[in-house]
Every structure is written in C-alpha cells, then in structure tokens.
Amino acid sequence: MLRFPYHIRNNPRLRLHKLSLFSCNSAGLMASKTISSSFSLLRLTPSPKRLSTPCKRLVPYLSSKPVSKKNSLSLRTNGFSSIPSANVSAPVYSKDLEDQPLNMRILEILKHKLKQLGIDISACVPGRENRLLCPSCNGGESEEISLSLFINQDGRSASWMCFRAKCGWKGITKAFADGKPSYANLSRVNKVKVKREITVESLQLEPLCNQLIAYFAERMISAETLKRNAVMQKKSGEEIAIAFTYWRKGSLVNCKYRDIAKRFWQEKDTEKIFYGLDDIEDASDIIIVEGEMDKLAMEEAGFRNCVSVPDGAPPSVSLKEVPAEEQDTKYQYLWDCKEYLKKASRIILATDGDPPGQALAEELARRLGRERCWRVKWPKKNDVDHFKDANEVLMYLGPSVLKDVIETAELYPIRGLFNFRDFFDEIDRYYHRTLGYEFGVSTGWRALDGLYNVVPGELTVVTGVPNSGKSEWIDALLCNLNESVGWKFALCSMENKVRDHARKLLEKYIRKPFFDSSYGSSVERMSVEELEKGKKWLSDTFYLVRCENDSLPSIKWVLDLAKAAVLRHGVRGLLIDPYNELDHQRPVSQTETEYVSQMLTKIKRFAQHHSCHVWFVAHPRQLHHWIGAPPNLYDISGSAHFINKCDNGIVIHRNRDPEAGPVDQVQVCVRKVRNKVVGTIGDAFLSYDRVTGVYMDIDEPQKKQ
C-alpha cells in the first residue's frame, strides 16, 4: 500500500479529489484512476533487499502553467505556499530526474542540515525552484512565501534566497564537502523562474464592493480614480482583499493584494513592475511614491504621471556599490521598466518621510541618477512630526496642499554640489554674529590684536630660524587661549620630552621657575602645592599625541588621533611641531612639492571639518648668507605650498644683537592673513621673560599668578 508523506496525511487543510492507489509491476506503472493534483512519481534506487519491486515515492511536481479552480490544491504546511497543479489526467514523469537516481543517504544528510536552519524540504523537488516561508523573516506581516530554494538534482547541495526587500537572507549548504564551489547556484534560483501569464478572469477578480469604495472615500480616493486604475477585489471565503492590478501596455502583469489587517502579498511567479506604469509612458516628468495608495492620492491632486514601487522600502541604504543589472534583484523592477524611465528628464521622489522611505529614495537616486532626481518635503503635522506620505497629506490637508508639495520639490542633493541657499541659515548667523568667534579669539597680546586672531577651522604655519622661540611662543599662545576662552589642545610635539614640555607649560601657568637653577635668577621656585595645582591644569587642558615606539608618526596617524581627541575630549586646537619630525614616505613618482600640497590639504580639511585650529611649525631651509633678519615664509624647507595653502603665516624672530635693541625682545611677523576680518599683515613686538617663558606686551608689567 502506498503511504503519503506525514505532512500530507496529517494536514486537515489538504483536499485531494478522486484519489486512487497505484500499483507497480515490472513492465511499468499503470494507473487505475486519475489524481486531480500535481504529483509525480519518481523512480528511486531499488533497495538491495527488494530488487524485484521498484520503490516509488510520491512528491509534489511544480507546474508553471495556470490552473483552474477545479483542480487547485491548497497546501500551506511546513511553510509551503499553495502549489498550482497541471491539468493532467495521468501522472507526470520528469525524465531528467528518472534517469538520475537519488542517493537517499546524501539527501537525508542535506535535509537534516537544512532543518537545523529552519528549512523543511520534505516536499521539495530537486532540480527546480521551490518556494517556502522564510524562517528568517517569516514572510513579514503578510506571511509572504518569499524564500526561493534550489536543490541540486544529485541532492548534494542546496542554495536559497529570500526575495523580501527587508530580509534578503541567502546561503548555501552541502551534504558533504566535495571541493566544488556552489556559489553559482544562487544565480540559478532566479534563472529557473518562469513568469506566469495572468488575467482578471484567471485571478477571479471582481469590481469593488460598496464597503471598499467607502473605505477609499474615507482616504479621499474617489470611485472614478479607483475605476481608472482598475482597483478590484478578490474574495477568499468570507474575507475580501483589495486587488491592485499592475498593467503594462494593456496587459495584466501582476496583482498585489491588501487585506483588512494591512497585510500585503503578490501573485507568485509574476513580473514585478511599477504600479501605474502605463501612466508614465513618454512622460518627461515622473513622480515615484512608495505605495499604491500614494499613487492614487497623487491622481486626486492632479498628477497621473506617478508610479509606485512594488516592494516597499529597505530598512537602510546599502553600503555596497550598486550591483550590475542582472544581479540587482531587489530593484529588478527598475531595470525592467528602464525603457519608460530613460525618457524622463525630471524624476520626483515622493517616498515616505520615515527612515526606510528616505533609504528607498537614496537607492532609487543611486540607480536613476541624482542629477535628474528631485525630492519632496512633507508638511509639518505639529512642532515635532511631519506627515508621512502623500495619502496622509491628502486626507488631512487636501489636494491643493499635496499639489504644492510636488510643485515645490527641491533638487536631490548631490554630494559635493551645493547652492548658496543651502547655507543661508549659516550666513544669517554669521551676519548677526551668533556663530561664535566671527572675529576670532584674541591672542592675549594687545600688540597682535589688529594683526592676528585665532579662528576655529584655520591653519597657521609658524616658522623662524633655530632657537628663535617658535615653540615657546606657541605654548604661551595656547596658555592665553585657555585662560581667556577655556580651549583644550592636542599636542604633537616630537622635539620635546614630555617632562620638558610639562616644565615649560607649568612655568608659564604658575609664572615661577620649575627649578632652583641659574636660569631662574633670584626668583622663588614654584612650591609643591603650586606644582599640584599646575598638574591638574595640565591634565584638564592638554592631550598628548606621541609615538611610543621608534617609528616616526605619519600625518594620517596624527590626524586620526587628533580627531579622537576632538570627539572624546572636545579639543579646539592642534599643535604639530615640527614638520621634519613626521614620516614623509611618498611614492617615487611624487615630488616633495606634490606631497606637501596633499599633506596640507589633509590638515586643512581636518581643521574645517572639526572646527579645530591647527598650528604647524616648519623650519626654514639652511640660510647660507643669513645676516640676522627675519626669514621669509618662502624660505620654509620643502615647498612654497606652506605659504600658498595656509590661512595664516607667522615668522617668530628674536633679536640677538645687544646693539640693535633689547635681547629679550621678540618680533612676531604676520606675513599672511587670508581672512581680512580677523587680521592683516604687519609686525608686533613682545617682551620675553626667560625665567618663566612668558611673553608680554612691551609696556605690560609681569603679572603674578
């Protein structure tokens, strides 16, 4: 006696009509009566113990042909969708499968592995596509049968892919490792699909009942719009589902259903295209929305040149490059409709305002070309929220407001391409001086106030002959900025030991020498209490960027750590001292001038992006005929780009000739200021206290801490 598989015998929903038993003999297989369902008998390898009687197994046979209601077989167990059956009066054999016996042990191992993943292949057919309920997403709210499974005819491997846009789960598994790659099987899942031909009659669609017409009326969709777009209904027992019909050139291509619980599903094995595709034929302006209801809402506002995507929105924008057309499965409907889209010069993306809707807009723009895309801004619902989509705007604000939303759509942003109006808010704040530091921050020296002020996001290059006090002057400047506005700083000072740099900073802060030594003259050394106070100030104000091994730091390494200091500690300034202590490896084909240009560009981008001022110390080249005058910025070793690319250029020069003036006098030469609002070219003179390292205006008496 032939027994059915367990899941068929124990499924109360499975209805078999005119079912009879089949007998087997050595001459062949004869049927006494027909089976009105799509099952085929597969000849399996005979058991060694029963060689005289071939073993037969009953498995489902998937037909790609449309079937009548009379012969339909409903099967929804173990995650399977309803299986269509062919109009046949005798069992159907697959010669390819009959000629290739199955190794049952291998298939059982594969079945066990897939079961561990939640995939039951009890009723699946090797060698062709099988549709199941995806165990990863469970088909979403609509319980869509979206998992496509392909089992090799020899039963050794299986590959699967979920075609729901919000899932996309895919994978491959084998019964045994055979050393042969199986990744090509994933593409076979798509290739074996055969598109069904459907009609209104074959789907048993009906005109909308009064109840559904009233439902649409509540959403401001008229009966006339419903009729023009062939919105229909389909009954299933006591339940009625809305049927959105998808047409192309007058032929029904697909049908999407929506029930009262807002669950969606589509006809299986049909082509996915835009909803309302025929409405955009030869259109130069096209509107793309996220749902069929939004497409109908647009028509109520006077826009028929509108289509809806068939599959909703992804959860987020993919970080990968746009795949090739034949591999872009999630957006295949775009490629299938490219003949309609290529004629459009303006495409308005009116997707939902939530994150998935915005992700959909970005994915569409990536494929359609941002240069011809526009986007809408949905009106505000209250002080916090915006309306979500076109149908919401139509329901609550009316067709005129929806029309205004479309007519005032703005250009879709293209990275790196802007209009001044994108910055009007910032320009207004700059005009009213509400941004902060519009005129920069004072250096703390009156002599420099009219020449040089510190602006966040700028680059200052500082140079000077050796032992002229470049680093000491910058340290004093940082101390002044911390005292006046509380800025914090990252220090990449490769020429200083940490303890020596700490001593210099502490002497400027406490205004007393660190040691009792000859340089301290008769000034009292800082006390232990003052040292502890200074250590706390050091810890709160400065963060060190240092290489802990023998290698030289690269500029990228320095900027990466500086970025971390900005984000973690809120530093507003970065000191890189000096240029020649960095690692400057460059390609053989690249000149030093080209390298310096690229390096300074990176530093400026860092400064602007993080609103952080950068001081970069660079030594001048060897001056063979130097006569004691301040060097020029063009004397910096390496490249003229140091002066060309910086925002501010400063030369620090100390008098070494007692006959020329006081030897404690320091000349600050401002040789370049890009922003005339914050300074100008000129010279300022400061007095330097060698004991404490403090710089003062010449007429200013030394302060006490």
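## Aromatic pairs

In this predicted model, a search of the whole structure turns up 21 aromatic pairs. One of the pairs is W445 with W473: the ring centres are 5.9 Å apart and the planes meet at 25 degrees, so this pair counts as stacked. The cut-off behind that label is planes under 30 degrees apart.

Where do the two partners W445 and W473 lie? W445 is in the loop between α13 (424–431) and α14 (446–449), while W473 belongs to helix α15 (residues 470–485), so the pair ties together parts that are 28 residues apart in sequence. W445 is buried, with a relative accessible area of 1%, and W473 is buried too, at 0%.

Y509 and W537 have ring centres 4.2 Å apart and planes at 5 degrees, so they are stacked. Y509 sits in helix α16 (residues 498–510) and W537 in helix α17 (residues 528–541), so this contact ties together parts that are 28 residues apart in sequence.

Are Y509 and W537 buried or exposed? Both Y509 and W537 are buried. They also belong to one aromatic cluster, formed by F489, Y509, W537, F542 and W615.

## Arginines over ring faces

R346 lies over the face of W374, at 4.3 Å from the ring centre. Likewise, the face of F439 has R433 over it, at 3.9 Å from the ring centre.

Terms used
Residues are numbered from 1 along each chain as its sequence is written. This is a predicted model: local features need pLDDT of at least 70, side-chain atom pairs count only at pLDDT 80 or more; totals for chains, interfaces and linings use all residues. Side-chain values use heavy atoms; hydrogens and water are left out. Rings of Phe, Tyr and Trp (its six-membered ring) pair if their centres lie within 6.5 Å; planes under 30 degrees apart count as stacked, over 60 as edge-to-face and the rest as tilted. Helices (H or I, at least four residues) and strands (E, at least two) are DSSP runs, numbered from the N terminus. Buried means under 20% relative accessible area, exposed over 50%, partly exposed in between (1.4 Å probe, protein chains only). A charge sits over a ring if NZ of Lys or CZ of Arg is within 6 Å of the ring centre and within 35 degrees of the ring normal.
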